[in-house]
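Welcome! Here is a short briefing to read with the model open beside you.

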Amino acid sequence: MTTALEAAVATLPEPVHSAHVNALAESILRTAGAGERDVTNLQRIALLELQLAPRD
């Protein structure tokens, strides 16, 4: 899960906001809890969820 988070964060443009990191981490934990173990899939799903999240 750490590898997936680090890889996802590395794709974000600078500056990386802590809210984005938290959203990615929550997504990865939720997806892993549902049974997904592939690092690439964890990263991809987290980034897609971040992209789809409503903007403030």
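At what angle do helix H1 and helix H2 pack, and how far apart are their axes? The angle is about 145°, and the axes lie 10 Å apart. This is a predicted model, in which local features need pLDDT of at least 70 and side-chain atom pairs count only at pLDDT 80 or more, while totals for chains, interfaces and linings use all residues. Residues are numbered from 1 along each chain as its sequence is written, and side-chain values use heavy atoms, with hydrogens and water left out.

**How H1 and H2 pack**

- Two packed helices are described by the angle between their axes and the distance between the axes.
- Here H1 covers residues 2–10 and H2 covers residues 18–33; helices are DSSP runs (H or I, at least four residues), numbered from the N terminus.
- Axes are lines fitted to C-alpha atoms, for helices over the stretch in contact, and angles run from 0 to 180 degrees between N-to-C directions.
- From H1, Ala-4, Leu-5, Ala-8 and Val-9 meet Val-21, Leu-24, Ala-25 and Ile-28 of H2, where contact means heavy atoms within 4.5 Å.
- The residues of this contact are eight nonpolar, no polar and no charged; Ala, Val, Leu, Ile, Met, Phe, Trp, Tyr, Cys and Pro count as nonpolar, Asp, Glu, Lys and Arg as charged, and the others, Gly among them, as polar.

**The nonpolar core**

- The largest nonpolar core has nine residues, among them Ala-8, Leu-24 and Ala-46; such a core is a set of buried Ala, Val, Leu, Ile, Met, Phe, Trp, Tyr and Cys residues joined through side-chain atoms within 4.5 Å.
- H1, H2 and H3 are the elements that give two or more residues to this core.
- Ala-8 is also in contact with Leu-24, Gln-43 and Leu-47, leaving aside neighbours within four places in sequence.

- Ser-27 sits in helix H2 and counts as buried because its relative accessibility is 0% (buried means under 20% relative accessible area, exposed over 50%, partly exposed in between, with a 1.4 Å probe and protein chains only).
- Not counting residues up to four places away in sequence, Ser-27 touches Ile-45, Ala-46 and Glu-49.
- Leu-29, also placed in H2, is exposed, with a relative accessible area of 52%.

**The salt bridge**

- The structure holds one salt bridge, meaning a side-chain nitrogen of Lys or Arg within 4 Å of a carboxyl oxygen of Asp or Glu.
- Glu-49 and Arg-30 form it, with their closest N and O atoms 2.4 Å apart.
- The pair links distant parts of the chain, with Glu-49 in helix H3 (residues 39–52) and Arg-30 in helix H2, 19 residues apart.
- Glu-49 is partly exposed at 31% relative accessibility, and Arg-30 is partly exposed at 48%.
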